[in-house]
Amino acid sequence: MQSCNAHSQGMTKPLHVVFGSGQIGTRIATQLVSRGDRVRVVARHPHAPAGAEAMAGDGRDLAFAASAAAGAAVVYDTMNPPYHQWKQDLLSLGAGSLHAATTSGAKLVALDCLYMYGAPTGPMTETSALAPVSKKGALRVELGELRLAALRRGDAKVAIGRASDFFGPDMPMSWWSDRFFTRVLAGKHAECLGDADQLHSYSYADDVARGLIALGDADDATGVWHLPTAPAESTRALAARVGVLLDRTITYATMPTLMLRALGVFVKFMGELPEMAYQWQMPFVIDDAKFRARFGFGATPVDDQVATTVAWARARYLTAASASRRRRTASRISVSS
């Protein structure tokens, strides 16, 4: 099996193939390019950073997946279809990236969530029982077993990196998305599926990418790993940190289950949310001690996470709004003169 750490003078650098170019895949590719690695980004509509190769195709197609990973040392799977497509696509996408790794002799590093643990009774560790309480959690159990069975058989080296809900700048599919910032900047309530005062772990997106890369670099790091995540605080407390830097008081409203089910008739994604509400109805805490002990680093300090995220939000929403107002004023002056 090809080693992902095989560096020697004069040799071509190993190829890293990233399946998925969304919130995490793009960050992985960017971090790898910044350190001088060869990177190929694979997606139906790939968005590759400067310095990376883009390849368009369907990860469910095994022949395409194998060709996309040809020559790879590490294959990263960050593919995550919309909730309402999980039943038809999640396992087939996972099978595609696994096939890509086994045919190329690459190590598979797969991004995962925490749904397979179900309703926790304490901090979740890599050895917590798999007890899903949702359809999506049950699918995640199946996907994890698909990957770990390949590791047990010796088909491929496999590392699974699990993270909690994402926090950070430019996260359109997180709770800290355009919807969050546009609402709070307009003086409206932020939204939560349950109790905003329950402890809840949020994984900083850049740390998720950095953690997955660390797993890719370490040949001996296989099996399940919890990615670096800051000590849990409540959703309201994290929002309060954001509010201080935005000079806003952020309040929360619970999203009613009946409303979500009604909206789900028109927007399928919204109809998939109610079964995930349990995560905000009790402490939902991830334990990343195993990762920190092995790799010697943990999460970015929360103050730094918030400062970076708010700086991005100011540039995107407040600076853009000010520029728009200036353009409108200039237009009115021009018309009246």
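A residue counts as buried when its relative accessible area is under 20%. By that cut-off, six of the six residues in strand β5 (residues 107-112) are buried in this predicted model.

**Strand β5 and its neighbours**
- K107, V109 and L111 point one way from β5, while L108, A110 and D112 point the other way. All of these residues are buried.
- Y76 has V109 of β5 as its bridge partner.
- L108 is bridged to V158 in β6.
- From β5 the chain passes through helix α4 (residues 135-153) to β6, in a right-handed β-α-β crossover.

**Aromatic pairs**
- W175 and W280 pair edge-to-face, at 5.5 Å centre to centre and 70° between the planes.
- The two lie 105 residues apart. W175 is in the loop between β7 and α5, and W280 is in the loop between α9 and α10.
- W280 is buried because its relative accessibility is 3%. W175, at 24%, is partly exposed.
- Ring pairs also link a cluster of F167, W176, F180, F181, Y202, Y204, W312 and Y317.

**Lysines over rings**
- K136 lies over the face of Y83, 4.7 Å from the ring centre.
- K290 places its charged end over the ring of W225, 4.2 Å from the centre.

Notes. Residues numbered from 1 in each chain as written. Predicted model: local features only at pLDDT ≥ 70, side-chain atom pairs only at ≥ 80, totals over all residues. Heavy atoms only, no water. Phe/Tyr/Trp six-rings, centres within 6.5 Å; stacked < 30°, edge-to-face > 60°. Helix = DSSP H or I, 4+ residues; strand = E, 2+ residues; numbered from the N terminus. Buried < 20%, exposed > 50% of the residue type's maximum accessible area, 1.4 Å probe, protein only. Lys NZ or Arg CZ within 6 Å of the ring centre and 35° of its normal. Pairing = 2+ DSSP bridges. Right-handed = clockwise from strand over helix to strand, strands pointing away.
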